[in-house]
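Dear colleague,

I am handing over the structure that we spoke about, together with some notes on what was found in it. Please open it beside this email and follow the residues as they come up.

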Amino acid sequence: MSRVYLSPPDVGPEERALLLDAFDSNWIAPLGPHVDAFEAEMAARTGVAGALALTSGTAALHLALLLMEVGPGHDVLVPSQTFVATANVVTYLGARPVLVDSDRATWTVDPALVAEELGRRARQGRLPAALVTVDLYGQCADYGPLLASCAEYGVPVLEDAAEALGATYGGEPAGSFGTAGVFSFNGNKIITTSGGGMLVSHDPAFVARARYLSTQARQPVVHYEHTDIGFNYRLSNLLAAVGRGQLRGLDDRIARRRGINERYRQGLRTLPGISFMPHAPYGEPNYWLTCILVEAAAFGAGPEEIRLALEAEDIESRPTWKPLHLQPVYQDAPVVGGSVSAELFEKGLCLPSGSSLSEADLERVIAVISGLAG
Ligand SMILES: Cc1ncc(COP(=O)(O)O)c(C=O)c1O
């Protein structure tokens with residue numbers, strides 16, 4: 001039996017054909033028609049005016065915050081329950097992340113805490129320079145109240161939709177809610193280019209400015225002329241070709257991951273002490289990862305014992321994100337709340353969720369977990 005991975009790449013003949021087309025056309029260095037087409041297709045899928053293909057989701061977050069004029073001395077509200085890249089880009093710019101706890105009902109950033117924090121800071125005259133939301137494990141944050149609070153205080157929103165391509169909130173696509181949105185195509189995401197990212201925005205001028213900064217801020221003259229500090233952040237044409245093939249299969253991949261989520265719910269539903277990440281009624285996730293919470297006393301084993309038992313059967317699972325306020329690197333960052341995300345980490349486990357998992361793979365996972373129940 002082969003190893004079961006958490007969320008491995010799922011590529012096929014379409015990606016291979018597009019990659020070879022890019023190779024054979026000699027559009028290798030580095031931009032080219034597949035980059036343009038991938039951007040247009042992503043903009044259409046996300047319902048935005050423009051998209052910019054970049055080397056990573058982190059690069060996209062970095063450029064977006066830079067263009068939102070985040071800089072030294074600023075505070076930026078960031079959910080504590082996320083991958084570290086969401087906060088690192090704030091630090092790159094000399095600003096300070098302020099880590100906000102999760103809402104237990106969605107696991108995403110708590111809109112009530114954001115509203116309270118903005119009100120408190122408004123009274124003190126120290127509003128944050130931005131709020132970064134995270135569409136966690138493929139489920140959108142609660143944009144109704146979040147956008148209302150931010151609009152009230154004039155705080156711009158950056159949507160980190162790295163994990164959520166194809167998810168929706170109130171019928172609108174993930175990535176379309178803030179001043180800008182960001183996707184990641186790293187190897188474990190719902191679609192991958194091996195490594196890559198995309199910045200999207202309703203504002204064509206924002207995308208144009210990001211495009212300029214992502215190509216070393218070169219002025220439109222024949223020689224190399226520079227008036228700004230830029231970056232080398234563009235996605236290569238070869239990788240964009242792979243991304244186009246992956247995007248064509250996005251809906252099938254979401255359907256498959258939804259099926260995996262349903263299979264786990266059905267297979268584990270009678271076990272005591274096991275619950276699932278709640279499916280918020282306001283939208284439809286892309287089911288990137290299926291995550292459970294384990295009440296050790298009721299179940300008879302904790303999430304780490306489950307992880308080790310799965311590993312012994314050559315099955316990869318992973319703890320939920322360790323909250324950033326518990327990370328040594330952010331131990332001095334201000335935190336708003338924190339107990340909910342700490343508990344989600346203590347009890348949480350992400351189960352294998354890749355779109356190429358077979359029914360037999362899922363049965364192996366369910367059998368190992370069921371076998372541990374006390
Ligand atoms: C929430 C979140 N933000 C940002 C990133 C960074 O994306 P990348 O790895 O493409 O830089 C990731 C994933 O890696 C992520 O899960």
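Tyr-287 is placed in the loop that runs between strand E11 (283-284) and strand E12 (290-294), where strands (E, at least two residues) and helices (H or I, at least four residues) are DSSP runs numbered from the N terminus. Although Tyr-287 is not a glycine, its phi is positive, at about 60°. With 8% relative accessibility, Tyr-287 counts as buried, a word that stands for under 20% relative accessible area, while exposed stands for over 50% and partly exposed for what is in between (1.4 Å probe, protein chains only).

Before going further, please keep in mind that this is a predicted model, in which local features need pLDDT of at least 70 and side-chain atom pairs count only at pLDDT 80 or more, whereas totals for chains, interfaces and linings use all residues. Residues are numbered from 1 along each chain as its sequence is written, and side-chain values use heavy atoms, with hydrogens and water left out.

Ser-194 also has a positive phi, near 75°, and is a residue other than glycine. Ser-194 belongs to the loop between strand E8 (180-184) and strand E9 (197-201), and at 55% relative accessibility this residue counts as exposed.

Next comes the ligand. It is surrounded by 17 residues, and the closest of them are Thr-58, Asp-160, Glu-163, Ser-184 and Lys-189; a residue is near a molecule if one of its heavy atoms lies within 4 Å of it. The side chain of Asp-160 has an N or O atom 2.7 Å from a nitrogen atom of the ligand, while an oxygen atom of the ligand lies 2.6 Å from a polar side-chain atom of Glu-163. Ser-184 likewise has a polar side-chain atom 2.7 Å from an oxygen atom of the ligand. Of the 380 Å² of accessible area that the ligand has on its own, the protein covers 93%, as computed by the Shrake-Rupley method with a 1.4 Å probe.

Which helices supply at least two residues each to the shell around the ligand? They are helix H3 (57-67) and helix H4 (85-92), and H3 gives the largest share of that shell, three residues. Helix H4 also contains Thr-86, which is buried, with a relative accessible area of 2%. The side chains of Thr-86 and Thr-82 are joined by a polar contact of 2.8 Å, meaning a pair of N or O atoms within 3.5 Å, of which, within protein, one must be able to donate a hydrogen and the other to accept it, and residues adjacent in sequence count only if both atoms are side-chain atoms.

How many disulfides are there? The count comes to zero, a disulfide being a pair of cysteine sulfur atoms within 2.5 Å. The sulfur of Cys-291 has its closest cysteine sulfur in Cys-350, at 3.5 Å, and this is too far for a bond. Both cysteines are buried, Cys-291 with a relative accessible area of 2% and Cys-350 with one of 3%.

Finally, Asp-75 is found in strand E2 (residues 75-79) and counts as buried at 10% relative accessibility. Asp-75 and Ile-274 are 199 residues apart along the chain, and their C-alpha atoms are separated by 37 Å.

With kind regards
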